[in-house]
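Here is a friendly walk through one protein model, for someone meeting it for the first time. Have a look at the structure, then read on.

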Amino acid sequence: MAEPKKLFIKTYGCQMNVYDSERMAESLGGRGYVETKDAEEADMILLNTCHIREKAAEKVYSELGRLKALKTAKPDLKIGVAGCVAQAEGEEIMRRQPAVDLVVGPQSYHRLPEMEAQVRSGEKSLDTDFPQEDKFAALKSRPKAARAPSAFLTVQEGCDKFCAFCVVPYTRGAETSRPVARILEEARELVDRGVREITLLGQNVNAFHGAGEDGSEKTLADLIWKLNEINGLARIRFTTSHPNDMTDDLIDAHGACEKLMPYLHLPVQSGSDRILKRMNRSHTAESYLRVIERIRAARPDILMSGDFIVGFPEETEEDFQATLALIEAVKYGYAYSFKYSTRPGTPAAERPQVDPNEADERLQRIQALITDQQQQIQNEMVGRDLSVLVEKTGRNPGQMVGKSEYLHAVHIDNSDAQIGDIVPVRITEAKRNSLAALRRK
Ligand code: 5AD
Ligand code: SF4
């Protein structure tokens with residue numbers, strides 16, 4: 001038997017990249033690779049890149065510069081670039097960094113095994129096409145390796161919304177949904193491997209419209225109800241959603257579907273209608289607040305999470321104030337705020353930019369407000385009886401760490417639980433980034 005080859009994957013960015021990296025590792029397993037955490041012993045290094053942050057491509061080029069040194073010392077090393085920077089830059093990557101052997105866009109991962117064979121034979125390999133097929137169906141996984149209790153499952157990819165700041169419609173392509181039967185099959189397989197919680201992923205996941213087993217189109221709510229029937233699966237989540245796609249059936253599911261967790265990530269980006277319009281968001285602050293009202297009517301304890309961009313072109317102090325007011329109105333359990341930065345090729349990139357110092361200052365103010373709210377909501381958890389999906393052992397003896405229904409990290413001090421157990425607890429203390437709890441009998 002030949003020695004297994006070693007694969008090192010470095011993953012940047014969102015949860016979908018984490019999922020993609022897992023699937024790529026599994027599919028290269030079929031080509032004799034095992035994963036390593038040490039880049040220096042790798043026979044292949046894959047960078048799974050993200051294009052959402054500023055200067056993303058430049059950062060990838062400097063990382064590739066460092067990897068080139070490894071390759072000089074070990075000429076057999078193959079270097080690949082995957083993900084959204086691969087999609088956006090394409091051939092340019094191999095031109096600027098000849099040490100790169102392989103460039104694969106997110107829609108072409110099913111071709112990875114044959115691309116690997118091609119680079120092993122000394123050629124270069126590039127694929128950044130957008131084929132209309134279920135790439136994950138062809139990315140066969142190795143059977144039955146045990147899994148952590150919480151897993152991601154991609155059900156939808158790409159986006160047709162074209163928000164003026166966003167690269168996703170260009171890097172991940174048009175919105176496509178996987179067929180329901182394939183998703184259920186993958187979910188059952190995950191549960192067989194020890195998974196208790198599945199987070200359904202998509203850039204615009206609530207626009208899901210996959211083909212059902214009867215041939216008709218299904219909504220995300222239909223899919224969630226199907227997953228709800230899987231024995232052994234205890235928790236369902238989904239991310240990321242667009243306010244305009246929060247349909248009645250999905251809102252109802254939040255009230256009625258027992259395994260759907262009371263947590264919703266629903267980005268709004270701004271609280272100013274003037275800016276929302278310029279962002280091409282096709283909703284207003286008011287319509288967003290009304291959606292949340294309906295969700296809270298269905299599920300009063302739902303914990304809301306969101307994304308915000310500050311310093312979007314032409315944002316005034318007054319627009320920014322409207323964003324702060326919206327945050328005050330919603331009360332977020334979690335929120336992520338970003339300073340606007342230009343993405344070449346997107347409509348907003350051409351527009352007059354806000355003074356960077358002003359934008360920095362707004363970012364600090366929004367983050368202070370969000371941190372306050374988060375802490376307040378964490379504090380309100382003290383004394384409540386929650387359940388925790390145990391994910392790992394803690395630092396102290398007997399301590400286990402997991403997630404509550406609301407996605408807060410919880411440390412259970414007197415736990416004799418196993419990883420994968422769902423444990424009833426009483427919250428005893430709110431810390432900065434986690435909650436402390438005691439197990440209930
Ligand atoms: N500048 C700043 N933030 C951005 N996001 C997306 N594109 C940009 C950009 N050009 C943020 C949005 C999105 C999150 C994933 O990243 O808030 O919801
Ligand atoms: Fe990007 Fe989300 Fe807007 Fe789609 S809906 S363009 S993924 S920000």
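## A buried arginine

At 6% relative accessibility, Arg-343 counts as buried (buried means under 20% relative accessible area, exposed over 50%, and partly exposed in between, with a 1.4 Å probe and protein chains only). You'll find Arg-343 in the loop between β14 (334-339) and α14 (356-380); helices (H or I, at least four residues) and strands (E, at least two) are DSSP runs, numbered from the N terminus. Setting aside neighbours within four places in sequence, Arg-343 is in contact with His-51, Ile-52, Arg-53, Glu-54, Phe-165, Val-167 and Ala-349, where contact means heavy atoms within 4.5 Å.

A word on the ground rules: this is a predicted model, where local features need pLDDT of at least 70 and side-chain atom pairs count only at pLDDT 80 or more, while totals for chains, interfaces and linings use all residues. Residues are numbered from 1 along each chain as its sequence is written, chains are lettered from A and ligands numbered from 1 in the order in which they are written, and side-chain values use heavy atoms, with hydrogens and water left out.

## Domains

The protein chain splits into domain 1 (5-127), domain 2 (141-261) and domain 3 (385-439), with bounds that come from an automatic or database domain assignment. Taken over C-alpha atoms, the centres of domain 2 and domain 3 are 26 Å apart. Their contact takes eight residues from domain 2 and 12 residues from domain 3.

## Nonpolar cores

In soluble globular proteins, nonpolar side chains tend to be buried together. Here, the largest nonpolar core has 68 residues, and Leu-200, Leu-223 and Tyr-332 have the most contacts inside it. (A nonpolar core is a set of buried Ala, Val, Leu, Ile, Met, Phe, Trp, Tyr and Cys residues joined through side-chain atoms within 4.5 Å.) Helix α8 (residues 180-192) gives the most to this core, with six residues. Apart from this core lies another, of 21 residues, including Ile-45, Leu-77, Val-85 and Val-103.

Who does Tyr-332 touch? Beyond its neighbours within four places in sequence, the contacts of Tyr-332 include Val-268, Tyr-288, Met-304, Phe-308 and Ile-377.

## Two helix pairs

α8 and helix α9 (residues 220-228) pack at an angle of about 35°, with their axes 11 Å apart. (Axes are lines fitted to C-alpha atoms, for helices over the stretch in contact, and angles run from 0 to 180 degrees between N-to-C directions.) Val-180, Ile-183, Leu-184 and Ala-187 of α8 make the contact with Leu-223, Lys-226 and Leu-227 of α9.

α10 and α12 also pack at an angle of about 35°, with axes 7 Å apart. Here Asp-248, Ile-251 and Gly-255 in α10 meet Arg-294, Ile-295 and Ala-298 in α12.

Most residues other than glycine have a negative phi, and most peptide bonds are trans. The bond from Thr-239 to Thr-240, though, is cis, with omega near 5°, and Thr-240 sits in the loop between β11 (235-239) and α10 (248-256).

Gln-269 has a positive phi, near 80°, and is found in the loop between β12 (263-265) and α11 (273-278). Ser-282 has a positive phi of about 55° and lies in the loop between α11 and α12 (285-298). Are these two residues buried or exposed? Gln-269 counts as buried at 8% relative accessibility, whereas Ser-282 is exposed, with a relative accessible area of 52%.
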